[in-house]
Amino acid sequence: EQLAQSTINENVTSMAGVPTWTIVLIKRILDISKKATHKEVWPNLELYIHGGVSFTPYREQLNNLVGAPINYLEIYNASEGFFAAQNEPGDEGMLLYTEHGIFYEFMPVEEYGKKKPVTIGLKHVELNKNYALVISTNGGLWRYLVGDTVQFTSLRPFKIKVTGRIKHYMNAFGEE
């Protein structure tokens with residue numbers, strides 16, 4: 001409520017957040033302002049940065065609420081680290097951050113659950129193959145299995161997309 005009240009008359013050009021909460025905020029701002037679309041409230045809005053859940057089920061609803069085309073960029077972050085971000089609108093791949101204090105290993109998903117699973121480094125990854133993400137960080141995590149699966153969409157530069165989970169089941173709406 002405070003965010004809606006305090007930003008309704010500001011010149012907002014970009015916003016970031018989990019789609020579910022962003023939609024709640026936008027709907028509240030529309031209720032307060034009595035406007036039909038968000039572009040009527042924030043005419044200079046041009047960018048929404050999202051992450052945390054699949055954006056696919058929310059894209060159409062957000063497009064309708066905003067009321068005009070804007071750019072969408074995805075980020076891949078977690079409490080364990082900031083792993084990647086989309087650097088080109090329209091390109092589903094997110095640029096993997098290889099210089100941020102995180103050492104990456106990639107476990108082919110067929111290795112998951114084995115007593116001694118094989119992992120590989122960036123030098124050996126392949127396009128369009130599912131890997132479980134394993135990280136070691138300068139913050140103290142050592143060969144930590146994040147629980148997400150990723151595929152590489154580019155090898156120069158390294159770009160990934162999140163394809164699912166191995167630790168817990170997550171449906172398309174992020175409810176489980």
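The following legends describe close-up views of a predicted model.

**View 1. Overall arrangement of helices and strands in the predicted protein.** The secondary structure comprises 4 helices and 9 strands, and along the sequence these elements follow the pattern α-β-α-α-β-α-β-β-β-β-β-β-β. The C-alpha trace of the protein spans about 60 × 35 × 30 Å along its principal axes. Of the 176 residues in the protein, 39% are buried. Among contacts between residues at least 6 apart in sequence, 49% join residues that are at least 24 apart.

**View 2. The largest nonpolar core and the surroundings of Ile 29.** This core has 21 residues, and those with the most contacts inside it are Ile 29, Trp 42, Leu 45, Tyr 48 and Leu 62. Helix H2 (19–33) and helix H4 (56–66) are the elements that give two or more residues to this core, and the largest share, 5 residues, comes from H2. A second, separate core of 17 residues includes Phe 83, Ala 84, Leu 133 and Ile 135. In soluble globular proteins, nonpolar side chains tend to be buried together. When residues up to four places away in sequence are not counted, Ile 29 touches Ala 4, Thr 7, Ile 8, His 38, Val 41 and Trp 42.

**View 3. The buried and exposed sides of helix H4.** Tyr 58, Leu 62, Leu 65 and Val 66 are the buried residues shown in H4. These residues lie on the same side of H4 because they cover an arc of only 85° around the axis. The face of H4 turned away from this buried side carries Thr 56, Glu 60 and Asn 64, which are exposed. The buried residues of H4 pack against H2, helix H3 (38–41), strand E2 (47–50) and strand E3 (71–78). Gly 67 follows H4 and has a positive phi, near 90°.

**View 4. Parallel pairing of strands E1, E2 and E3.** Strand E1 and strand E2 run parallel and are joined by 4 bridges, with Ile 49 in E2 as the bridge partner of Ala 16. E2 is also joined to E3 by 4 bridges, and these two strands likewise run parallel; here His 50 stands opposite Glu 74 in E3.

View 5. Helix H1 (2–7), strand E1 (14–17) and H2 each supply at least two residues of the lining, and H2 gives the most, with 5 residues. Thr 22 has its place in helix H2 and is counted as buried because its relative accessible area is 6%, against a cut-off of under 20%. Not counting residues up to four places away in sequence, Thr 22 touches Met 15, Gly 17 and Tyr 48.

View 6. Strand E7 (residues 131–137) is mostly covered, with 7 of its 7 residues buried. Tyr 131, Leu 133, Ile 135 and Thr 137 point one way from E7, whereas Ala 132, Val 134 and Ser 136 point the other way, and all are buried. E7 runs antiparallel to strand E6 (residues 102–108), to which 7 bridges join it, and Phe 103 stands opposite Ser 136 in E7. The pairing of E7 with strand E8 (residues 144–155) is also in the antiparallel sense and extends over 4 bridges, with Val 150 in E8 as the bridge partner of Tyr 131. E7 and E8 form a hairpin with 6 residues between them, and Gly 140 in the turn has a positive phi of about 115°.

Notes. Residues are numbered from 1 along each chain as its sequence is written. This is a predicted model: local features need pLDDT of at least 70, side-chain atom pairs count only at pLDDT 80 or more; totals for chains, interfaces and linings use all residues. Side-chain values use heavy atoms; hydrogens and water are left out. A nonpolar core is a set of buried Ala, Val, Leu, Ile, Met, Phe, Trp, Tyr and Cys residues joined through side-chain atoms within 4.5 Å. Buried means under 20% relative accessible area, exposed over 50%, partly exposed in between (1.4 Å probe, protein chains only). Contact means heavy atoms within 4.5 Å. Two strands pair if DSSP finds at least two bridges between them. The arc is that of the directions from the helix axis to the C-beta atoms.
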